[in-house]
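Student: I would like to learn how to read side-chain pairs in a model. Please take the features one at a time.

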Amino acid sequence: MVLRRMVIMSWFCLMILASPVCADQALMVKGMEAQKAGRNEEALKLLNEYVGRYPQVREARYYRALALNGLGRHKEALEDVDMALADNPHNINFLLAKGNILVALERRPEAILIYTQAMQCDPRSAEACKERGDCLAQEGQFAEAMTDLNKAAGLAPRDPWVFNKRGMVWFCQGEYQKAAADFTAAIRLQPDLAISYFFRGNIYRHHLKQPDKAIADYRKGCGLGSSLCCGELEKMGVKP
């Protein structure tokens, strides 16, 4: 009797796996995995097929929006994420995606509003704080940006981009020692973050008058593949 039940269950499971619905679900999963791995062309092809069959599945539209955004097709990405948000306006991931797409479209005031919505939905979202802070800084609202980035640093003390972005805000306000400290914190958290070596090197070179440290940073960044750092070494007549 037990063996018979096992045979029946095995047959049932095989039938489920072979069904068109399961095959379509696998299509979506493959598309999501491809997008997460940065294979946006592959993801788009898979998700186009899935969304064509199931246009009401918001998660699929969300991942397709991420793929489209990664391919520089920002307006199409915005349409998809708006569709995803239509039935779920408080989804934090959808809101963050929309904010990022609006930034890519250089529509920062709108992005700030979306990140604000995300923070209202989840006051402990470090990502929303960080991205809104960055947008505010780009709009010249440095005090407000610093408030957001300080909060983000408290919520996500292991995120190097929080400190990289806050370092830029300090830099824009002429606080060069504090900026260098934040870039150092970013590098400590992610030693291969080439852009932080570039920014810190610029501070050492142009503001703190420490050319040896600037050269060391540019060399490190250049070794990591930063054309900006390599360019600064060339300007200084220094070999990488």
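**Salt bridges and ring pairs**

Tutor: Asp82 and Lys98 form a salt bridge, with 2.8 Å between the closest N and O atoms. The term requires a side-chain nitrogen of Lys or Arg within 4 Å of a carboxyl oxygen of Asp or Glu. The model is predicted: local features need pLDDT of at least 70, side-chain atom pairs count only at pLDDT 80 or more, and totals for chains, interfaces and linings use all residues. Residues are numbered from 1 along each chain as its sequence is written, and side-chain values use heavy atoms, without hydrogens and water.

Student: Which helices hold Asp82 and Lys98?

Tutor: Helices (H or I, at least four residues) are DSSP runs, numbered from the N terminus. Asp82 lies in helix α5 (residues 74-86) and Lys98 in helix α6 (residues 92-104), 16 residues apart.

Student: How many salt bridges does the whole structure hold?

Tutor: Side chains of opposite charge can pair when their charged atoms come close. A search of the whole structure finds 16 salt bridges. Among them, Asp148 and Arg132 meet at 2.6 Å, N to O. Both Asp148 and Arg132 are buried (under 20% relative accessible area; exposed is over 50%, partly exposed in between; 1.4 Å probe, protein chains only).

Student: How is a pair of aromatic rings described?

Tutor: By the distance of the centres and the angle of the planes. Rings of Phe, Tyr and Trp (its six-membered ring) pair if their centres lie within 6.5 Å; planes under 30 degrees apart are stacked, over 60 edge-to-face, the rest tilted. The structure holds six aromatic pairs. One of them, Tyr50 with Tyr54, is tilted, at 5.0 Å and 35°.

Definitions and conventions:
Helices (H or I, at least four residues) and strands (E, at least two) are DSSP runs, numbered from the N terminus.
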